[in-house]
Amino acid sequence: MDLHVRLDGRGDLTGQIYGQVRAMILDGRLPPGQALPASRDLAARIEVSRNTVAAAYDRLAAEGFVVGRVGAGTFVNAALPPSRPPQAAQGTPLRPRPEWDGLRAPDDLTAPDARYDFRAGMPDPRLFPYQTWRGLTADELRGAAVGLGAYADPAGHPDLRAALARHIGVSRGVLAGAEDVLVT
């Protein structure tokens, strides 16, 4: 694995490596179970002592972020909870009001005879153009069109895009998700 670590100056190198790898784990660029590069390989690539990288890995292991397996390497701890989106900055004036804490959404938001339905994601079936839909479906299912009805994602295969986003996040230090990758 090609892990992108950038060192600023020659101050606390162990702390810099530890902080960057920890940040990659917390923001999901290094998912649980992901192998980390061998300490020798990472040390050679970023031109520091192997002991510097080993100390950073030891600190990550002591805090439960990584686990070492004898003969296999160092891996992101699979027991970590999934990464969460970043929390709001401390001291921000934006906080939910306490009145919202105890509220629960009702099970049924509309009565059967309601004039308007404001539920999210619930279109009015009376407005759907069934006749047009049937005609277009019939055109696509005619003999000449059979086999052409399967559309691929125009941005590329979702699993490939996710793998590429993980790779550039780890190897190049680019914070990106699958939705930011376009395969042509």
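How many helices and strands does the protein chain have?

**View 1. Overall arrangement of the protein chain in the predicted model.** The protein chain contains 5 helices and 2 strands. Read from the N terminus, the order of these elements is α-α-α-β-β-α-α. Of the 184 residues in the protein chain, 22% are buried. The accessible surface of the chain amounts to about 13,700 Å², and carbon and sulfur atoms account for 57% of that area. Among contacts between residues at least 6 apart in sequence, 54% connect residues at least 24 apart.

**View 2. Antiparallel pairing of strands β1 and β2.** Strand β1 covers residues 66-69 and strand β2 covers residues 73-76. The two strands pair in the antiparallel sense over 4 bridges. Valine 66 has valine 76, in β2, as its bridge partner.

**View 3. The turn of the hairpin formed by β1 and β2.** In this hairpin, 3 residues lie between the strands. Glycine 71 adopts a positive phi near 80 degrees.

**View 4. A nonpolar surface patch made by Phe128, Tyr130 and Trp133.** The patch formed by these three residues has an area of about 350 Å². Tryptophan 133 is located in helix α4, which spans residues 130-140.

**View 5. Exposure of tryptophan 133.** Why does tryptophan 133 count as exposed? Tryptophan 133 is classed as exposed because its relative accessibility is 52%, and exposed residues are those over 50%.

Terms used: Residues are numbered from 1 along each chain as its sequence is written. This is a predicted model: local features need pLDDT of at least 70, side-chain atom pairs count only at pLDDT 80 or more; totals for chains, interfaces and linings use all residues. Side-chain values use heavy atoms; hydrogens and water are left out. Buried means under 20% relative accessible area, exposed over 50%, partly exposed in between (1.4 Å probe, protein chains only). Contact means heavy atoms within 4.5 Å. Accessible areas come from the Shrake-Rupley method with a 1.4 Å probe; for residues, only the protein chains shown count as cover. Patches are made of residues with over 30% relative accessible area and no salt bridge: like charges are joined within 9 Å, nonpolar side chains (Val, Leu, Ile, Met, Phe, Trp, Tyr) within 5 Å. A salt bridge is a side-chain nitrogen of Lys or Arg within 4 Å of a carboxyl oxygen of Asp or Glu. Two strands pair if DSSP finds at least two bridges between them.
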